[in-house]
Amino acid sequence: MAEGTRLFLAAVDRLPDAAFAAPSLLPGWSRAHVVAHVHFNAEALRRLTHWARTGERTPMYPGGRRDAEIEEGSRLPPARLREMAHASAAALAAGFGGLDARALERTVVTAQGREVPAAEIAWLRAREVMVHTVDLDTGITFANLPGDFTAALAADAVARHAGSGQAAALAAWLTGRTGRAPSLSAWL
C-alpha cells in the first residue's frame with residue numbers, strides 16, 4: 001500500500017497541469033478522473049477503517065455518490081487534485097496504521113458487497129494505486145510494478161474472472177491449450 005501510494009503520488013506530481021485533461025488508459029476518463037477516483041477511493045477506504053476501529057457500519061460510498069464524486073472531482077484544478085490526493089492518502093495510511101489486531105480482523109463490506117477482514121484494506125488500496133498509476137499513462141507499465149504485486153494481482157484477477165464464469169476459457173488459455181485469450185470484462 002505504501003509503495004504503491006508513493007508511486008502514484010510521484011506520477012501525479014510529475015504531471016504538468018495541462019496533462020490532467022489528457023486521456024488516461026481508461027476509456028472515457030481523463031487523467032484528472034483517475035486522480036479524483038484514487039482520492040475518493042482513499043476516503044472510501046478510510047470509512048472502512050472507521051468501521052473496523054469502531055464497529056460502526058460505515059459504507060464505502062454512502063448514498064451511491066461514487067460516480068458523481070469522481071466526475072465533480074475531475075473538474076477541479078490540478079493543484080487542488082494533487083493536494084487532495086496527498087491528504088487523503090496520508091489520512092488513510094494513518095487510519096489504517098492505527099488499527100489494532102482486533103480491528104484488522106473485523107469484517108467490513110466492500111463497494112462490491114464482498115465481506116472481507118479489515119486487514120484486506122491494504123490490498124484493496126495497493127491494487128487501486130498501482131493499477132491506476134499505470135492508467136495515468138505516464139510511461140509506467142505493469143512491467144515497472146513490483147513482481148510480487150503483479151503476481152498477486154494476476155492471481156486475484158484470475159480468481160475474479162473465473163468466478164464470473166470464465167474459468168474454463170481462462171484455464172485453457174493459461175495452460176497453453178489455446179492461443180486465443182478469452183474476452184474479459186474490465187475489472188478494477
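This note goes through the nonpolar cores, the salt bridges, an aromatic pair and a surface patch of the structure above.

1. On the basis of the model. The structure is a predicted model, in which local features need pLDDT of at least 70 and side-chain atom pairs count only at pLDDT 80 or more, while totals for chains, interfaces and linings use all residues. Residues are numbered from 1 along each chain as its sequence is written, and side-chain values use heavy atoms, with hydrogens and water left out.

2. In soluble globular proteins, nonpolar side chains tend to be buried together. A nonpolar core here is a set of buried Ala, Val, Leu, Ile, Met, Phe, Trp, Tyr and Cys residues joined through side-chain atoms within 4.5 Å, where buried means under 20% relative accessible area, exposed over 50%, and partly exposed in between (1.4 Å probe, protein chains only). The largest such core has 28 residues, and those with the most contacts inside it are Phe8, Phe20, Val35 and Leu136. Helices H1, H2, H4, H6 and H7 each give two or more residues to this core, and its largest share, six residues, comes from H2. Helices are DSSP runs (H or I, at least four residues), numbered from the N terminus.

3. On Leu136 and the second core. If neighbours within four places in sequence are set aside, Leu136 is in contact (heavy atoms within 4.5 Å) with Phe8, Ala11, Val12, Leu15, Arg31, Val34 and Val35. A second, separate core of 18 residues includes Leu48, Tyr61, Leu92 and Leu99.

4. The whole structure holds nine salt bridges, each being a side-chain nitrogen of Lys or Arg within 4 Å of a carboxyl oxygen of Asp or Glu. One of them joins Asp17 and Arg82 at 2.8 Å, N to O. Asp17 lies in the loop between helix H1 (2-14) and helix H2 (31-54), whereas Arg82 lies in helix H4 (residues 78-97), so the pair ties together parts that are 65 residues apart in sequence. Asp17 is partly exposed, at 44% relative accessibility, but Arg82 is buried, at 14%.

5. On other salt bridges. Glu83 and Arg80 form a salt bridge whose closest N and O atoms are 2.5 Å apart, and both residues lie in helix H4, three residues apart, which is about one turn of the helix. Glu83 is partly exposed at 49%, and Arg80 is partly exposed at 37%. Salt bridges that share partners also join Arg127, Asp156 and Arg160 into one network.

6. On the aromatic pair. Rings of Phe, Tyr and Trp (its six-membered ring) pair if their centres lie within 6.5 Å, and planes under 30 degrees apart count as stacked, over 60 as edge-to-face and the rest as tilted. By this rule there is one aromatic pair: the ring centres of Trp123 and Phe149 are 5.5 Å apart and their planes stand at 50°, so the pair is tilted. Trp123 belongs to helix H6 (residues 121-135) and Phe149 to helix H7, so the pair ties together parts that are 26 residues apart in sequence. Trp123 is partly exposed at 22%, while Phe149 is buried at 7%.

7. Val158, Trp173 and Leu174 make a nonpolar surface patch of about 260 Å². Patches are made of residues with over 30% relative accessible area and no salt bridge, with like charges joined within 9 Å and nonpolar side chains (Val, Leu, Ile, Met, Phe, Trp, Tyr) within 5 Å; accessible areas come from the Shrake-Rupley method with a 1.4 Å probe, and for residues only the protein chains shown count as cover. Trp173 is found in helix H7 (residues 147-174) and is partly exposed, with a relative accessible area of 36%.
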